[in-house]
Amino acid sequence: MTLPSIAQLLKDRMGLHSSTVGSSTIQHAIEQRMRDCSIADIHDYRKILSLSDTELDALIDTVIIPETWFFRDRNPFDAFKQWLQEAWLPGHAGSTLRILSVPCSSGEEPYTLAMCLSDSGIPPRNAHIDAVDISYTNIEKAIEGEYGRNSFRGKPLDYRDRHFQACGDRYRINNTIREYVSFKQANLLDGSFSRNRAPYHVIFCRNLLIYFDRATQDTAIDRLQALLHPDGLLFLGHSETALLFNREFTPLKNPRCFGFSRYTAAAKKEPYTSARSRQHTRRHTAASAGSPEPLPFSDISPAVTVTTASTGNNTHSDLLQQAFRLADEGHLGEAAEHCEALLTSQDKQADAYYLLGLIRESTGNLAEAEQLLRKAVYLDPVHHEALVHLGVICEQRGDSINAGRFRERASRTAKQLTSGATK
Ligand SMILES: C[S@@+](CC[C@H](N)C(=O)[O-])C[C@H]1O[C@@H](n2cnc3c(N)ncnc32)[C@H](O)[C@@H]1O
């Protein structure tokens, strides 16, 4: 009985839902801490946990998944920079832009935001980033600001030459970038989290909600929504966007930036989202009270002329790449056409189903998104992203049994991916 009671303690304190990481992860963390404290009996360890906040913090530090890197996913940061140029800078010369990065882990995400600000010509006196994580160890690492190779993944790495100093085989973040960020240990789920915080214009909350159960996700999103300025933007992790449907948020143009603006503000003014996407949100919000209304892409006028989808002149992989590029640029209708063209051919690709599913998900058509994602994992049973999205969609419609199954499969594929990458 003691392991479930410690798992419950972790859930109550930090929101961690054992099915998302697997009970073996929690068990390994407990065993690690018991070894560190030279305690042999788990009942004794449970007693210490209930008496000592320091030990509970140490267990949290051992169980968390601190995985992060600079410019993780890229698209959110491109969308952020575009918003700075198109929406923030023209109307807010001299005012202070307030940003929240929670959870910030060891600092890569808030420092990336700071690099975007610096590269956009916004000086530290005109922008401030509050960076928060539950782990004291992560906050210490972030303040230290020294990083190894694992924090720099993918290319290009030109930002590293501009904003870091090499020290041996590590890289130290420059002081000008540090100036934008204040780091603090805090728990997003703690009642005092919002105390003395003015609203933020931009909130990054990526790759945290996925570890919570539905009720805790709702609590966390309520908190973030209350902290977001009426004209603000909220960015979630790639597999967390379904959590905002039925809420007053409008997805930004590019579904793979996983960013949203507040619907209420969008209805009043003309911010970053198009009239078309506002119309979609309104329909979605109205429909969400009853049965969800599908939002077909035929409603979205092409913003640019692009090559007509055809499997005749293009190889499948070219078409697929084009589809991803179009989706990244916000041309969802054309991206969907490319996927559909690919899916009429003999050689069906899991990624085409995945992207089409993502596009449907981004416009609120969760039922069709689920069908498409299921086809993706039928063709590719270890398609990690599709499995993660399916977990969230099932959770969203209250099917916690299937949500748990997809999460478990996703966590197995993540382990396979990690062990494959380190071989
Ligand atoms: C996977 S990292 C995400 C970091 C970064 N946002 C990113 O996407 O790269 C998850 C982080 O969530 C933190 N965390 C877990 N529960 C938390 C909570 N209740 N409040 C604040 N941070 C939390 C962990 O310490 C860990 O550093």
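Biologist: What is the strand order in the open sheet of 7 strands?

Modeller: The order is β6-β2-β1-β7-β8-β10-β9, and the pairing is mixed. Two strands count as paired if DSSP finds at least two bridges between them. Strands (E, at least two residues) and helices (H or I, at least four) are DSSP runs, numbered from the N terminus. This is a predicted model, where local features need pLDDT of at least 70, side-chain atom pairs count only at pLDDT 80 or more, and totals for chains, interfaces and linings use all residues. Residues are numbered from 1 along each chain as its sequence is written, and side-chain values use heavy atoms, with hydrogens and water left out.

Biologist: Which strands stand at the edges?

Modeller: β6 (181–185) and β9 (249–251) do. Each has a single partner strand, so one side of each is left without a neighbour in the sheet. On average, neighbouring strands of this sheet are turned by 20° against each other, direction ignored. Axes here are lines fitted to C-alpha atoms, for helices over the stretch in contact, and angles run from 0 to 180 degrees between N-to-C directions.

Biologist: How do β1 and β2 run, parallel or antiparallel?

Modeller: Parallel: β1 (residues 97–101) and β2 (residues 127–133) are joined by 5 bridges. L97 stands opposite A127 in β2.

Biologist: How many residues of β2 are buried?

Modeller: 6 of its 7 residues are, so β2 is largely enclosed by the rest of the structure. Buried means under 20% relative accessible area, exposed means over 50%, and partly exposed is in between (1.4 Å probe, protein chains only).

Biologist: Switching to helices. Which strands does α6 lie across?

Modeller: Helix α6 (residues 75–91) lies across β1, β7 (200–205) and β8 (228–236), and runs at about 175° to β7. Helix α11 (residues 214–227) also packs on the sheet, where it touches β1, β7, β8, β9 and β10 (259–262). The direction of α11 makes about 135° with that of β8. Contact means heavy atoms within 4.5 Å.

Biologist: At what angle do α4 and α5 pack?

Modeller: Helix α4 (residues 42–51) and α5 pack at about 110°, with their axes 5 Å apart. They are therefore roughly perpendicular to each other. In this scheme angles of 65 to 115 degrees are roughly perpendicular, under 35 roughly parallel, over 145 roughly antiparallel, and the rest oblique.

Biologist: Which residues of α4 and α5 meet?

Modeller: From α4 there are Y45, I48, L49 and L51; from α5, D53, E55, L56 and L59. By class, this contact has 6 nonpolar, no polar and 2 charged residues. Nonpolar covers Ala, Val, Leu, Ile, Met, Phe, Trp, Tyr, Cys and Pro, charged covers Asp, Glu, Lys and Arg, and the others, Gly among them, are polar.

Biologist: New topic. How many salt bridges are there?

Modeller: The count comes to 20. A salt bridge is a side-chain nitrogen of Lys or Arg within 4 Å of a carboxyl oxygen of Asp or Glu. One of them joins K11 and D213, with the closest N and O atoms 3.0 Å apart. That pair links distant parts of the chain, 202 residues apart: K11 is in helix α1 (residues 2–14) and D213 is in the loop between β7 and α11.

Biologist: Is D213 buried or exposed?

Modeller: Buried, at 15% relative accessibility. K11 counts as partly exposed, at 21%.

Biologist: What does R247 pair with?

Modeller: R247 forms a salt bridge with D222, and again the closest N and O atoms are 3.0 Å apart. R247 is in the loop between β8 and β9 and D222 is in helix α11, 25 residues apart. At 15% relative accessibility R247 is buried, while D222 is partly exposed at 44%.

Biologist: What else is R214 in contact with?

Modeller: Leaving aside neighbours within four places in sequence, R214 is in contact with E395 and Q396. The C-alpha atoms of R214 and S400 are separated by 8.9 Å, and these residues are 186 apart along the chain.
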